[in-house]
Amino acid sequence: MEAIRKQASKFREQVARQQQAVFKQFGGGGYGSSDSVFSDAAEYQQHQKLEKLYISTRAAKHFQRDIVRGVEGYIVTGSKQVEIGNKLSDDSRKYGVANTCTSGNTLSKAALCYARTRAQMENERGNLLKALGTQVAEPLRAMVMGAPLEDARHLAQRYDRVRQEAEAQAIEVSKRQIKVRETVGGGDNISKLEAAEAKLQELKSNMAVLGKESVAAMTAVEAQQQRLTLQRLIAMVESERTYHQKVLQILEQLEAEMLSERQRIEASPSPVSENFMPPPPSYEEANGMFTNSTVDGIAESVEYFLAEVIHSYQAETDVELNLSVGDYVIVRKLSNNGWAEGECKGKAGWFPSAYIERRERVLASKIVQM
């Protein structure tokens, strides 16, 4: 279509040059002193401006359409990402609630935190997609399909058709002028020439009016396209910036929580774990241990002493002993894998040896409690 328009424009310019040559050859006073359509510089400039406006508004329309298609594709892809992210959030939450780990709930807490954070991020992504749809895609789509642009283009096309008629009529006038000059006393040719000139003037008058209206309409549409498209681009950038800022805040909060939990774990003393937990001593072992015994290949030493609990410990299996800071324990067995066995408040069990400190002297009240 563009190639056809260029060929038509080139053809009109060739016709105009031919007209100018004819007028120069047969110009002068008397009948048929008619101006070419292109002899008016203002009209020619108006025509050139209208062509540029037509090209500009068409390019802006295509750009707006590209933005709409891109945003729509982004919304479709983003909606799928929201769905996947929410599924990941649900899976993380289920794991955190189930808490099937026997050695602590640290990972469960982290899973719950991540589930909450992922849900918040997907909610923000959903808000971004809604903003892109309502603030960017819909206004631009309305302008692409809107009446002002189509009305201005139709007006420009009407002007172009009238201009082509005027060019054809100018050629007809030049032919009539030649006939009048070649014949003497041809009253019929003179009347036809006058009629052709009158029609040409009418076409030129209509063309001038349509040209001004077309230029005004196309100029208004071009300004509206430029303004609206820029506004929508700014709105798109602001929406994405707001989304990324909120997601960054959410992630920073999650990272701080996880780092704090990791630091707490690393700061707490923990026993040197083996692949298995030492078995609890039998009644006979608890009341009559020999000095160098071995349980499942693990060397142990027997030396009864009193110790104070310096770190609380929560038993995680039936063979372990709950400890609270300040409690006193009768230690009956030390294992070389970092565990100790003893009795506190009438209960016996295993606990990490790093959680206690040996005491040579103990208050009488504490002995009564033990």
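Predicted model: local features only at pLDDT ≥ 70, side-chain atom pairs only at ≥ 80, totals over all residues.
# Putting terms to the test

Trainee: Where is Glu 320, and what does its side chain reach?

Mentor: Glu 320 sits in the loop between β3 (305–309) and β4 (328–335). Helices (H or I, at least four residues) and strands (E, at least two) are DSSP runs, numbered from the N terminus. The side chain of Glu 320 reaches the backbone nitrogen of Glu 316 at 3.1 Å.

Trainee: Why is the link between the side chains of Glu 320 and Thr 317 called a polar contact?

Mentor: The two side chains are joined at 3.1 Å. A polar contact is a pair of N or O atoms within 3.5 Å; within protein, one must be able to donate a hydrogen and the other to accept it, and residues adjacent in sequence count only if both atoms are side-chain atoms. The 3.1 Å value is therefore within the limit.

Trainee: How many aromatic pairs does a search of the whole structure find?

Mentor: The search finds two.

Trainee: What makes the pair of Tyr 313 and Trp 339 stacked, tilted or edge-to-face?

Mentor: Rings of Phe, Tyr and Trp (its six-membered ring) pair if their centres lie within 6.5 Å; planes under 30 degrees apart are stacked, over 60 edge-to-face, and the rest tilted. Here the centres are 6.4 Å apart and the planes at 80 degrees, so the pair is edge-to-face. Tyr 313 lies in the loop between β3 and β4, and Trp 339 in strand β5 (residues 339–344), 26 residues apart.

Trainee: What about Tyr 313 and Tyr 355?

Mentor: Their centres are 5.6 Å apart and their planes at 80 degrees, which again gives edge-to-face. Tyr 355 is in the loop between β6 (347–352) and β7 (356–359), 42 residues from Tyr 313. Tyr 313, Trp 339 and Tyr 355 form one aromatic cluster.

Trainee: How do you know whether Tyr 313, Trp 339 and Tyr 355 are buried or exposed?

Mentor: From their relative accessible areas: Tyr 313 has 11%, Trp 339 has 6% and Tyr 355 has 9%. Tyr 313 is therefore buried, and so are Trp 339 and Tyr 355.

Trainee: What makes a set of residues a nonpolar core?

Mentor: Its members are buried Ala, Val, Leu, Ile, Met, Phe, Trp, Tyr and Cys residues joined through side-chain atoms within 4.5 Å. The largest such core has 16 residues, and those with the most contacts inside it are Leu 50, Tyr 159, Met 207, Leu 210 and Met 218. Helices α2 (41–98), α4 (147–182) and α5 (187–267) each supply at least two of its residues, and α4 gives the largest share, seven.

How values were computed: Residues numbered from 1 in each chain as written. Heavy atoms only, no water. Buried < 20%, exposed > 50% of the residue type's maximum accessible area, 1.4 Å probe, protein only.
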